[in-house]
Amino acid sequence: MAKRKRKTPPRPQPRKQTARSKRQPLSEAQKKKIYWTTGGLALLLLFIYALTSYESYASLYDATYVGSERCGDCHTQVYAEWEESPHAWMTRQPSETSVVGNFDNFDWHLPDSARLSPADERAIAKMMREGKDYYMALWHSGDKDYKRFKVDYVVGYQYRQTYLTRETGGVLRRLPLQWSVDRREFFPYWNLQEGSLPSADDFHAQMQSQNSAWNLFCARCHTTNLEIAGKDIAHTVADVSWTDAGIGCEACHGPGSQHTNYFEGNYINRIAAFANSKLRGEPVAYIATANKLSKGQDLSVCARCHGADIYMGTTDVYRIYEPGYSRIGKTNDLSDHFKQVPLQAGRKVPTVECWDDGRPKGVGMLFRSFIESACYEKAEVRCYNCHNPHANKSPRATGLLEPSEISNSYCLSCHTNLEGKIAEHTKHTPGKEGSFCYDCHMPRDIMNMVSGTLKYSRTHDMSSIPNPENSIRFGVKGSPNACNECHSEQIPEWAKEKYEEWWGGSKETAAFEP
């Protein structure tokens, strides 16, 4: 039987396009509808994601220290500024780059005024290097020989440099000779401050004092998170640690563990925190930010180290203070202690001296001079208004730390009643010496021997008024005034006469008009 021939299926014909089957382009209205629908869905999903991802934070908290390097992972710009600052370089181990003093087999002799016997003619200190190590050897009259001390840390480098040696009990002992950057030589800093004669025996006595145990006393201001686990009464034993050797980020912003944990890997928290801070004025989560703190809390950050006129019993309070918002009651505000020591006319205690009229005089009184001012009492002036907090030797803006039109403008932002009246107010030609706010209201009245050379820094009592009457009463050396500081060839009576001629003898400051 023959096979049936299989029919080939007919080839499909192309479908004729009709008006109905043609794809019509979307209208603008349809496109907008799709865009808005898609965008709305995306925002809804983002909102749902944010709701499920955002973590609320507590307004009160306690944290641990993580170190400045961790802060630099996110805050790259300010970290780079800080990393090159004197704060960052304050405390370092000795090296070619950190040591500024002369340790090239240098012999140090007593000044002529302190050589009281033939024995005082010998060098009483020798500085030397052995490989990478630095040493200071001091003459010991009892042993009739030099005793060598290895330098384990150096502190400072701008004005002077201090040298520390580690003792067997763990104490970092301050050596008696320091390096003056101005003078380019070693000098006995504390003898200079006290006005006493240096000697070999005095140098060893200095190293027996409690205050020479640097890591039990001074280090609270030269390190970050100084923790003292143990010590003895005589300060010969010290079990001490710190987070940063130097003034790190957390010295001013408080411990950062909760802050870093909260933001790390969670971009929703970052966005929400930025919005809450900028739009709602809330503090940044788990960290102390200067412009979100109260005036007392904010200024405590600087007062901790620059407000030295406190009672000895308060030093531990200052050491354990940390910026922040503690839940368990840690000290976050030192403002109750700012004026705890009364100003005492004629006080001569080194670094916290007062003028004979009672005004702050010593370098340790710089912060005190600020809080004695009407600018502190009546306004919201903060240290970082003028000083760059991350590059701490730089101005916040060029010209702010010197007599200039820029610094005048800063003062006039509050003293608006004096705008356009500089010549009338100062009685000096605008742009010339005597026409700037600094000249009369921030005279150089703070005695500063930090570098081994007597200098006078500007008082921070920005509302101070020249008072020639006190200069007549106590003498210019007991009560200086801004007029005679410039016109040193004149006597205080001349300044008083000019003062009364120009301002009618008024001692009132210009009214604040913030």
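The text below takes up ring pairs, then a cluster of rings, and then charges placed over rings.

The model is a predicted one, and it holds 26 aromatic pairs. A pair of aromatic rings is described by the distance of the centres and the angle of the planes. The rings of Tyr153 and Trp242 have centres 5.7 Å apart and planes at 75°, and because planes over 60 degrees apart count as edge-to-face, this pair is edge-to-face. Tyr153 belongs to strand β6 (residues 153-155), whereas Trp242 is found in the loop between β12 (238-241) and α7 (249-253), so the contact ties together parts that are 89 residues apart in sequence. Tyr153 counts as buried, with a relative accessibility of 12%, while Trp242, at 22%, is partly exposed.

Another edge-to-face pair is formed by Phe187 and Tyr189, and both of these residues are buried. The two pairs are set out here.

| Pair | Centre to centre | Angle between planes |
|---|---|---|
| Tyr153 and Trp242 | 5.7 Å | 75° |
| Phe187 and Tyr189 | 6.1 Å | 85° |

Ring pairs also join residues into a cluster, whose members are Tyr57, Tyr61, Tyr262, Phe263, Tyr286 and Tyr325.

Which rings have an arginine over them? Tyr157 has Arg92 lying over its face, at 5.3 Å from the ring centre. Over the ring of Tyr135 sits the charged end of Arg148, 4.1 Å from the centre of that ring.

How values were computed
Residues are numbered from 1 along each chain as its sequence is written. This is a predicted model: local features need pLDDT of at least 70, side-chain atom pairs count only at pLDDT 80 or more; totals for chains, interfaces and linings use all residues. Side-chain values use heavy atoms; hydrogens and water are left out. Rings of Phe, Tyr and Trp (its six-membered ring) pair if their centres lie within 6.5 Å; planes under 30 degrees apart count as stacked, over 60 as edge-to-face and the rest as tilted. Helices (H or I, at least four residues) and strands (E, at least two) are DSSP runs, numbered from the N terminus. Buried means under 20% relative accessible area, exposed over 50%, partly exposed in between (1.4 Å probe, protein chains only). A charge sits over a ring if NZ of Lys or CZ of Arg is within 6 Å of the ring centre and within 35 degrees of the ring normal.
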